[in-house]
Amino acid sequence: MRRAVLVILTSLLLAQHASLNAAQKPVLKLPLRPKSVRFAVIGKPEQYETAKQMASYRDTFPFEFVIMLGDNIYGTETPADFKTKFEEPYKALLDEGVKFYAVLGNHDDPNERFYKPFNMGGERYYSFKNGNVQFFALDSNYMDPAQLDWLDNQLPNANANWTICFFHHALYSHARFHGPDADLRARLEPLFAKHGVNVVFSGHDHVYERIKPQNGIYYFVLGNAGQLRVHDLRPSKETAKGFDTDRTFMLVEIAGDKLYFQTISRAGSTVDSGVLKKQSSASTGAAAHAAAAGSGYAGMDDGYR
Amino acid sequence: MLTLTVCWANARSQERGNLDAASIDNFEARVAEYVKLHNTAKEKLARLTPTDAPSAIKRHEHELTREIRGMRRQARQGDIFSAGISAQFRRLIGITMKGPQAARIQDSLQRAEPVRMELQVNAVYPASVPLQSTPPSLLLNLPKLPPEVDYRVVGDKLVLRDVEANLIVDFIPHAIP
């Protein structure tokens, strides 16, 4: 009798394990174009399961680097915390030579900029280029005139097809806990629009949200890779897609004038995906908004639904 | 670029107009004196460059803090933000926060994860407490600082913080209306 119960329990466990594995098997929705720029996006990273899922996806989507949207070492920040909150969870990726580019969040010691694995070069704000994409990593905690001046000077020098800015505080967000920073938006968005910034990634709110294009710019909020505020999102008409019931990370692929993205939960399911067309220099404001409102990825044919 | 430069030049002249020139000069001289002290303390230490070892970063921060504290044993609240300078800053912040940007700045302060805590000059800003972001419109209207120090908001106080040592250099109580 006991043996029979044991056999049934073992079978059930094996079946559950198999179904879990099946659920976690990466289902890639990105086209893997030759010579494309491939990267991942995380906010508040210290989460083993999310990191494991990222490593698992990297087998099918070999991304070269990860951008980190701040609160990189959340809570206490002793040397041991760098190990348990970053080096250990992301060991598999670090060992494979994946580079991480961080920005400072309000929970970060600004001296994190000297931590080599964050690739900040000792600076609060910096820029780097990969393929035909120029990235600007900003310090939204302290957007002083010197930084605004630097950005205004550097953006026109971005000799790339795509310009992407990333920083911690969101210019648009419909999460209840923090929400958007209107003053930051008033200072940054005119510069973004003036210099043709294409995409902006932010964290801070512990949710995922894709915003419909604002003034011709695509905005994403992703602050829930390691911390989550369940049901914190209050979607509005500006929300293209929101998700606040699990942790997520994003995979991004840029090829030519298309940006493909896939947002994946800790459990491995795709919660959002799509393709964004690079804005033409003439497409601003309402035109871009109308063109991409409610867009979703239509598969591999590069079209909008 | 030109527009922004003109805008900042205006802000600077507006700042000069709103904060009397003598107070600005006095404040800048006090900050320059502090930065000199900061650099003297830093010269005693090995230069911090990007490293794989977080312990080296923390050690540098602690050693710099210890050096600066040692050189400023008698530091008191008001050493840099004297009563006169504080009054001028309160007036300047009051004007900024009553202007057309007022609602935006207040909104920004509320959404930045506001913190409240007791402050002490020469104390380390606690690692467990988030660093509240400072609204950019407020920064545009305050006297410019060298990169060694920054302005931070804690409750209704305006803090002058040593960036690399993470040290509270001075603060103005009841600065934010």
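Predicted model: local features only at pLDDT ≥ 70, side-chain atom pairs only at ≥ 80, totals over all residues.
Let's start with the overall make-up of chain A. Its 305 residues are 59% buried, and the chain holds 7 helices and 13 strands.

The largest nonpolar core has 62 residues, and the members that touch the most others are A:Phe39, A:Ile67, A:Phe166 and A:Phe201. Strand β11 of chain A, residues 248-255, gives this core its largest share, 6 residues. Setting aside residues up to four places away in sequence, A:Ile67 touches A:Phe39, A:Ala40, A:Val41, A:Ile42, A:Tyr101, A:Phe128, A:Phe135, A:Phe166 and A:Phe201. Another core lies apart from the largest one; this other core has 34 residues, including B:Val31, B:Ala41, B:Leu142 and B:Val153.

**Where the chains meet**

Now to the contact between the two chains. The size of an interface is often given as the accessible area lost when the parts come together. For chain B and chain A that value is about 3600 Å², with 57% of it on carbon and sulfur atoms. Chain A brings 41 residues to the contact and chain B brings 39.

Between the chains there are 13 residue pairs in polar contact, counting pairs with both residues at pLDDT 80 or more. On the chain B side, the elements that each supply at least two residues are α1 (2-18), α3 (54-71), α5 (102-111), α6 (136-140) and β1 (149-154). By type, the residues on that side are 20 nonpolar, 11 charged and 8 polar.

The interface also has 2 salt bridges. One of them pairs the side chains of A:Asp109 and B:Lys58, at 3.0 Å from N to O.

**A closer look at A:Asp109**

A:Asp109 sits in the loop between β3 (99-102) and β4 (126-130) of chain A. Is this residue buried or exposed? With a relative accessible area of 10%, A:Asp109 is below the 20% limit and so is buried. Beyond its neighbours within four places in sequence, A:Asp109 is in contact with A:Glu77, A:Leu104, B:Lys58 and B:Glu61. A polar atom of the A:Asp109 side chain also lies 2.8 Å from the backbone nitrogen of A:Asn111.

Which side chains does B:Ser137 join in polar contacts of 2.5 Å and 3.0 Å? At 2.5 Å the partner is A:Asp183, and at 3.0 Å it is B:Arg104. Leaving out residues up to four places away in sequence, the residues that B:Ser137 touches are A:Asp183, A:Arg187, B:Thr96, B:Gln101, B:Arg104 and B:Ile105.

**Salt bridges within the chains**

Side chains of opposite charge can pair when their charged atoms come close. Over all chains, the structure has 19 salt bridges. Here are three of them, each within one chain.

| Salt bridge | Closest N and O atoms |
|---|---|
| A:Arg210 and A:Asp272 | 2.8 Å |
| B:Lys44 and B:Glu67 | 3.4 Å |
| B:Arg161 and B:Asp150 | 3.0 Å |

Take the chain A pair to begin with. A:Arg210 counts as buried at 6% relative accessibility, and A:Asp272 counts as buried at 6%.

In chain B, B:Lys44 lies in the loop between α2 (21-43) and α3, while B:Glu67 lies in helix α3, 23 residues apart. B:Lys44 counts as exposed, at 52% relative accessibility.

The remaining pair in the table links strand β2 (residues 157-162) of chain B, which holds B:Arg161, with strand β1, which holds B:Asp150; the two residues are 11 apart. B:Arg161 counts as buried at 0% relative accessibility, and B:Asp150 counts as buried at 3%.

Salt bridges can also be linked up: A:Glu49, A:Asp246 and A:Arg266 form a network of them.

Conventions: Residues numbered from 1 in each chain as written. Chains lettered and ligands numbered in written order. Heavy atoms only, no water. Contact = heavy atoms within 4.5 Å. Buried area = accessible area lost by both parts, 1.4 Å probe. Salt bridge = Lys/Arg side-chain N within 4 Å of Asp/Glu carboxyl O. Polar contact = N/O pair within 3.5 Å; in protein donor to acceptor, adjacent residues only side chain to side chain. Helix = DSSP H or I, 4+ residues; strand = E, 2+ residues; numbered from the N terminus. Nonpolar A, V, L, I, M, F, W, Y, C, P; charged D, E, K, R; others polar. Core = buried A, V, L, I, M, F, W, Y, C linked by side-chain atoms within 4.5 Å. Buried < 20%, exposed > 50% of the residue type's maximum accessible area, 1.4 Å probe, protein only.
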